[in-house]
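Open your viewer and get ready to click along. We will go from stop to stop, and at each one you will read what to select and what is there.

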Amino acid sequence: MKRIVTVQDISCLGKCSLTVALPIISAMGTEAVILPTAVLSTHTMFKGFTCKDLSDQIDPIAEHWAKEGFTFDAIYTGYLASTPQINQMIDFFERFGKNCLKVVDPAMGDNGKLYPAFDVAFAREMAKLCAKADIVLPNLTEACFMLDLPYSETPTKEFVYDVLKKMTDLGAKKALLTGVGFDEEHLGVVGYDAETGTYFEYFNEKVPAKYHGTGDIFSSCVVGALMAGKTLEEASAIAADFTSESIRVTLADKGEHWYGVHFEEVIPALVKRMEQ
Ligand code: PXL
């Protein structure tokens, strides 16, 4: 069985980061080892959330794993809790990253804004971790902050292609931009493979709602599909369908769960699709 390690926070309530990565990656048939970056009462879109930064645990945990001789098929990083953790992850890549797929979701913002815990300096540092990755999975907000480009709600295809090219110019081999669309009716993902110089895209019908944690759900599903042997293009389509179906079933619940989506209801269909 493939074994990955995912590095992100535990938002105890909020349907994001580790509480979605674990069930999704496990359901897709890969062992998910976790390295928590912080424990929060909820994600940071709630008022008054608590947050315990776990930076001081990262190096001792990595040290123990190295002593035990553990290796990973992939490292997947998500929400990091503070700037020093970016350098800790660069060290972690050095230590465990050989013969291992390195996937970075630079989770730090959406809709043109950074999340409350972050600033522009954090985004610039995050670009350095993206430079060390095989695959980066930013949304347009995160990519624009890292590249110091103006964010647009309605980006042109040329702009999206340019952003992807610039993300890989940082050093990553492949980049996927999530949550982009070129018309009012569709939303999806556009990818670029710098090794072959090719772009690809996959869109679904746009669902008129925004929920938290959907980026984490998408990225977890991409990692799960890659570990199951799918290409990045196939993994993008599987993850985009899973995320958009999760949003659709949540909408039917009359907004009761504004803070996250009912991805649980779509897991059986995802497992079936992975068997094909
Ligand atoms: O879904 C991204 C995310 C992850 N972790 C925490 C967050 C957010 C988004 O707000 O606050 C703690």
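## Stop 1: Aromatic pairs

Searching the whole structure turns up eleven aromatic pairs. Rings of Phe, Tyr and Trp (its six-membered ring) pair if their centres lie within 6.5 Å; planes under 30 degrees apart count as stacked, over 60 as edge-to-face and the rest as tilted. Select phenylalanine 46 and tyrosine 259: their ring centres are 5.7 Å apart and their planes meet at 50°, so this pair is tilted. The two partners come from distant parts of the chain, 213 residues apart. Phenylalanine 46 sits in the loop between strand E2 (31–42) and strand E3 (51–53), while tyrosine 259 sits in the loop between helix H8 (232–251) and helix H9 (267–275). Those labels follow DSSP runs, numbered from the N terminus: helices are H or I with at least four residues, and strands are E with at least two.

Is tyrosine 259 buried or exposed? Tyrosine 259 is buried, with a relative accessible area of 16%. Here buried means under 20% relative accessible area, exposed over 50%, and partly exposed in between (1.4 Å probe, protein chains only).

Next, select tyrosine 192 and tyrosine 199. Their ring centres lie 4.4 Å apart with the planes at 35°, so this pair is tilted. Tyrosine 192 is buried at 7% relative accessible area, whereas tyrosine 199 is partly exposed at 28%. Finally, highlight Trp65, Phe72, Phe92 and Phe96, which form one aromatic cluster.

Before moving on, a word about what you are looking at. This is a predicted model, with residues numbered from 1 along each chain as its sequence is written. Local features need pLDDT of at least 70 and side-chain atom pairs count only at pLDDT 80 or more, while totals for chains, interfaces and linings use all residues; side-chain values use heavy atoms, leaving out hydrogens and water.

## Stop 2: The sheet

Switch to a cartoon view and find the open sheet of nine strands, in the order E3-E2-E1-E4-E5-E8-E9-E10-E11, with mixed pairing. E3 and strand E11 (198–205) stand at the edges with a single partner strand each, so one side of each has no neighbour in the sheet. Two strands pair if DSSP finds at least two bridges between them.

Now select strand E9 (residues 174–180), where five of the seven residues are buried. On one side, E9 pairs with strand E8 (residues 135–136) in the parallel sense over two bridges. Click valine 136 and look for its bridge partner in E9, alanine 175.

E9 also pairs with strand E10 (residues 186–193): these two run antiparallel, joined by six bridges. Which residue of E10 is the bridge partner of leucine 176? The partner is glycine 191. Leucine 177 stands opposite valine 190 in E10. To see how the chain gets from E9 to E10, follow the hairpin through five residues. As you click along, remember that in a regular strand the side chains alternate between the two faces of the sheet.

## Stop 3: The ligand

The shell has 13 residues, and the closest are Asp9, Thr44, Tyr79, His212 and Asp216. By type, the shell divides into five nonpolar, six polar and two charged residues.

- Aspartate 9: a polar side-chain atom lies 2.7 Å from a nitrogen atom of the ligand.
- Histidine 212: an N or O atom of the side chain is 3.2 Å from an oxygen atom of the ligand.
- Aspartate 216: a polar side-chain atom lies 2.7 Å from an oxygen atom of the ligand.

How much of the ligand's accessible area does the protein cover? The protein covers 99% of the 310 Å² that the ligand has on its own. (Accessible areas come from the Shrake-Rupley method with a 1.4 Å probe.)

## Stop 4

Select threonine 214 in helix H7 (residues 214–227). Threonine 214 is buried at 17% relative accessibility, and its side chain reaches the backbone oxygen of tyrosine 211 at 3.4 Å.

Then go to serine 17, in the loop between strand E1 (3–13) and helix H1 (18–27). Phi of serine 17 is near 40°, a positive value in a residue other than glycine. At 1% relative accessibility, serine 17 is buried.

End at asparagine 111, in the loop between strand E6 (109–110) and strand E7 (113–114). Phi is positive for asparagine 111 too, near 50°, and asparagine 111 is partly exposed at 35%.

Technical notes
Near = heavy atom within 4 Å. Polar contact = N/O pair within 3.5 Å; in protein donor to acceptor, adjacent residues only side chain to side chain. Nonpolar A, V, L, I, M, F, W, Y, C, P; charged D, E, K, R; others polar.
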